[in-house]
Amino acid sequence: MQKIIAIYPGTFDPPTFGHIDVIKRAAKIYNKVILAVTNGTGKETWFDIKEREEMLKDSVRKLRNVEVDNFDGLLVNYARKKKASVIVRGLRALSDFEYEFQMALTNRNIDSKIETVFLMTHENYSYISSSLVKEIALLKGDLSRFVPKNIAIAIKGKIKNENKA
Ligand code: COA
């Protein structure tokens, strides 16, 4: 039987429990899931691409069929290169829909053989975003409900270094 490779792309600045929830769901469905970290959104990030990859690797170490990689340029080209037939996206709330709909249709237009599949994020995480996590960290709030311990430590370290500079 053909093995199905899925790509879960994103900025992951930083990854949160919401992302990890989607990753676990995808890992149960597909033979291989590639977490593809990118700078392609033009967002200014706190963490460079290697740091984001490392945080993700640490967080998914126990999931044997999950890999972490990075890409530049068009997602669809990257998916082709990796022989992936599925792009996974997490849906948190209705507000995600319009943007995701536009992106899925654009990607399908570029390559109709690659399907975008939406997985519903667990309701406990449906309101989290990476920006909110960073805001809570800046305001010295408790991060334990939003990100794994290793990532909370990395975020605090980043703030400490910024304050020193
Ligand atoms: N749980 C928690 N937060 C989530 C989440 C989940 N399940 N899913 C998304 N988010 C948050 C992210 O943390 C991020 O928060 P932020 O805006 O505060 O940083 C926000 O939702 C956006 O999600 P993300 O998955 O990171 O999307 P993105 O906009 O960074 O990624 C790409 C979009 C990378 C997939 C897209 O821009 C892309 O494919 N780029 C490559 C270039 C390309 O091919 N362009 C044409 C595409 S049509």
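Predicted model: local features only at pLDDT ≥ 70, side-chain atom pairs only at ≥ 80, totals over all residues.
Q: How many residues are around the ligand, and which come nearest?
A: There are 26 residues around the ligand, and Thr 11, Leu 75, Tyr 99, Ser 130 and Ser 131 come nearest.

Q: How do they divide into nonpolar, polar and charged?
A: The shell around the ligand holds 14 polar residues, nine nonpolar ones and three charged ones.

Q: Which helices and strands supply at least two residues of that shell?
A: Four elements do: strand E1 (5-10), helix H1 (17-29), helix H4 (94-110) and helix H5 (130-138). H4 provides the largest share of the shell, with four residues.

Q: Okay, pockets now. Where does the ligand sit?
A: The ligand takes up the space of the largest pocket.

Q: What's the volume of that pocket?
A: The largest pocket has a volume of about 970 Å³. Its lining is made of 38 residues, and those closest to the centre are Gly 10, Thr 11, Lys 43, Arg 89 and Tyr 99.

Q: Which elements give two or more residues to the lining?
A: E1, H1, H4 and H5 do, and so does strand E4 (86-91). H4 gives the most to this lining, with eight residues.

Q: And the classes in the pocket lining?
A: The lining of the largest pocket has 18 polar, twelve nonpolar and eight charged residues.

Q: Switching topic: how many cavities of 30 Å³ or more turn up in the whole structure?
A: A search of the whole structure finds one. The largest cavity has a volume of about 40 Å³.

Q: Which residues line it?
A: The largest cavity is lined by Leu 75, Ile 87, Arg 89, Glu 100, Met 103, Ala 104, Asn 107 and Thr 116. By class, that lining has four nonpolar, two polar and two charged residues.

Q: What do the helices and strands supply to that cavity?
A: E4 and H4 each supply at least two residues of its lining. The largest share, four residues, comes from H4.

Q: Last topic, the backbone. Which residues does a cis peptide bond join?
A: A cis peptide bond joins Asp 13 and Pro 14, with omega about 0°. Pro 14 is placed in the loop between E1 and H1.

Q: What is phi like at Phe 12, and where is that residue?
A: Phi of Phe 12 is near 50°, which is a positive value in a residue other than glycine. Phe 12 has its place in the loop between E1 and H1.

Q: Why mention those two points?
A: Because most peptide bonds are trans, and most residues other than glycine have a negative phi.

Technical notes: Residues numbered from 1 in each chain as written. Heavy atoms only, no water. Near = heavy atom within 4 Å. 1 Å grid on protein atoms, 1.4 Å probe; cavity = no way out; pocket = protein on both sides within 12 Å on 5 of 7 lines; lining within 4 Å. Sits in = over half its atoms within 2 Å of the grid points. Nonpolar A, V, L, I, M, F, W, Y, C, P; charged D, E, K, R; others polar. Points joined across faces, edges and corners; volume = space filled by probe spheres on them.
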